[in-house]
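The following exercises are to be worked through with the sequence and the coordinates at hand. Each task is followed by a solution in steps.

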Amino acid sequence: MTPERMAELVARWVRFYTRGLPTAIARRRVEEISSDLHDHIAHERARGTCDRRIAFSVISRMVRGLAADSAWRSQHAKPIAAQTSTPGQALKARKTTYRSALGVALGTAFILLLPLVAMQFTDEVVWDLADFAVAGVLLFGAGLTYVLIARKAGNVAYRVAVGVAVAAALLLLWLMGAVGVIGEEGDHVDFMYFGVLAVGIIGAVIARFRPDGMARALLATALAQGLVAVIALIAGKHQSPISSVFEIVALNGFFVALFTGSARLFRHAGRQQPPRAQGRTVRR
Amino acid sequence: MGRYLPIVVAVPRRKPGTLLPLETEILDVALSLLRSGQATFHGFGLAQAMREQSASRSLTAHGTLYKALGRLEEFGLLTSRWEDTAAAEGRPRRRLYELTRQGAHVAEQTLSGKGDKAIRRSPRVVSGTA
């Protein structure tokens, strides 16, 4: 952990949160922090502070300022959003979002009615309140995620790609909760799948939901999914009476295929998208 | 969800035209520097001076410091310009800040207020500059 590495990390963070802002504002912030980092390291070294302490101080300043950085970005991003849409368009978009959210809520309620009705006629279906709550959160969350991301898309490929990725994530979570993917139900090895989903979510945020970046994020998710299967096999989980080698490979392969398919669709959507307007954003 | 976050986090809202404690502290330090013959200062230099003045162990965070400097510039209490490339001597050029006349006045008011009252309110900035 050298001060220079920490400074590079801070610089990356600054480049990340200034993306898409007007060039002058973004460049000023990037250069100002760069100068600050240089002065900070030089000053501490001149005082004889050890490198580890300097590195910690640099990263500490970044972490403590994250909230202010986000607030600063929102403050400067608002005028851009206001320029790109008229009040009428913004109102229409808000109404569409509320309608979509209402649709998702109704859809979720309808799906949850099915086990509720089934419970009245058969003893095979036994759901308690917690089951309904978890299922409701999962279904509504997945539906809303799809609606919020896909509504930004201008083409069908992007929408389908989002749909496949969200459906795969939902299915994975459902399997984990209901029966367990690897080993017996409740086996801690399944917690690795939270890491798989985290790769996808963090990748999507970093890519800011742009098709090419989303393709890379989904490929990384597929790789992470494959890695879980490899780790499970190395850990000997195939010796469990419930999970054979075939089951572990087939189940994880199925999700790898879904995430890879979604990545290919995102790449296809990226090719269909017209090039972005030049000069409005900072290009690096 | 964003509009519900303030309820959850309970972020204190600033009254229009008032200064936050950090902004007041920046003005105090800037005035001290001005009185010691240093009219301009840069971000890290300011953070360092603030650390020494408050006898704190840590430097002000990047995000917090530069956001506050930006606000003070918006209020018309500070001005800034880039350092000459020649003066930078190979290192990244610094953004140099300077107290405006109004900034110096507000800082002086703050300092005198400190002497008068143990508990004081942040000074109000002249409306229209915010």
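**Exercise 1. The two chains**

Which pattern does chain B follow when read along the sequence?

*Solution.* The model is a predicted one.

Step 1. Along its sequence, chain B follows the pattern α-α-β-α-α-β-α-β-α. This comes to six helices and three strands.

Step 2. Consider contacts between residues at least 6 apart in sequence: in chain A, 66% of them join residues at least 24 apart. For chain B, the contacts with a separation of 6 or more include 58% between residues 24 or more positions apart.

**Exercise 2. The sheet of chain B**

Determine the strand order of the sheet in chain B, and identify its edge strands and bridge partners.

*Solution.* 

Step 1. The sheet is open and consists of three strands in the order β1-β3-β2 of chain B, with antiparallel pairing.

Step 2. The edge strands are β1 (40–41) and β2 (78–82) of chain B, each of which pairs on one side only.

Step 3. Between β2(B) and β3 (residues 95–99) of chain B there are five bridges, and the two strands run antiparallel. L78(B) has L99(B) in β3(B) as its bridge partner, and W82(B) has R95(B) in β3(B).

Step 4. β1(B) is joined to β3(B) by two bridges, again in an antiparallel arrangement. Here F41(B) stands opposite Y97(B) in β3(B).

Step 5. In a regular strand, side chains alternate between the two faces of the sheet. In β3(B), R95(B), Y97(B) and L99(B) form the covered face, while L96(B) and E98(B) form the uncovered one.

**Exercise 3. Helix α3 of chain A**

Which residues of α3(A) are buried, and against which elements do they pack?

*Solution.* 

Step 1. Helix α3 of chain A spans residues 51–64. Its 14 residues reach 20 Å from the first C-alpha to the last, close to the 20 Å expected at 1.5 Å a residue.

Step 2. The buried residues of α3(A) are I54(A), A55(A), V58(A), R61(A) and M62(A). Because they cover an arc of only 130° around the axis, they lie on the same side of α3(A).

Step 3. R52(A) and R53(A), on the other side of α3(A), are exposed.

Step 4. The buried residues of α3(A) pack against α1 (3–17) and α2 (23–46) of chain A, together with α4 (62–75) of chain B.

**Exercise 4. The contact between the chains**

How many residues of each chain take part in the contact between chain A and chain B? Describe the side contributed by chain A.

*Solution.* 

Step 1. The contact involves 22 residues of chain A and 17 residues of chain B.

Step 2. On the side of chain A that touches chain B, α2, α3 and α4 (66–84) of chain A each supply at least two residues. The largest share, eleven residues, comes from α2(A).

Step 3. By residue class, this side of chain A divides into six nonpolar, eight polar and eight charged residues.

**Exercise 5. A single position**

Is T96(A) buried or exposed?

*Solution.* 

Step 1. T96(A) lies in helix α5 (residues 87–121) of chain A.

Step 2. T96(A) counts as exposed because it has 12 C-beta neighbours inside 10 Å; the cut-off for exposed is 12 or fewer.

Step 3. T96(A) and R151(A) are 55 residues apart in sequence, and their C-alpha atoms are 9.3 Å apart in space.

Definitions and conventions. Residues are numbered from 1 along each chain as its sequence is written. Chains are lettered from A and ligands numbered from 1 in the order in which they are written. This is a predicted model: local features need pLDDT of at least 70, side-chain atom pairs count only at pLDDT 80 or more; totals for chains, interfaces and linings use all residues. Helices (H or I, at least four residues) and strands (E, at least two) are DSSP runs, numbered from the N terminus. The expected span of a helix is 1.5 Å times one less than its number of residues. A residue is buried if 20 or more other C-beta atoms lie within 10 Å of its own, exposed if 12 or fewer, and partly exposed in between; C-beta atoms are placed from the backbone. The arc is that of the directions from the helix axis to the C-beta atoms. Two residues are in contact if their C-beta atoms, placed from the backbone, lie within 7 Å. Ala, Val, Leu, Ile, Met, Phe, Trp, Tyr, Cys and Pro count as nonpolar, Asp, Glu, Lys and Arg as charged, and the others, Gly among them, as polar. Two strands pair if DSSP finds at least two bridges between them.
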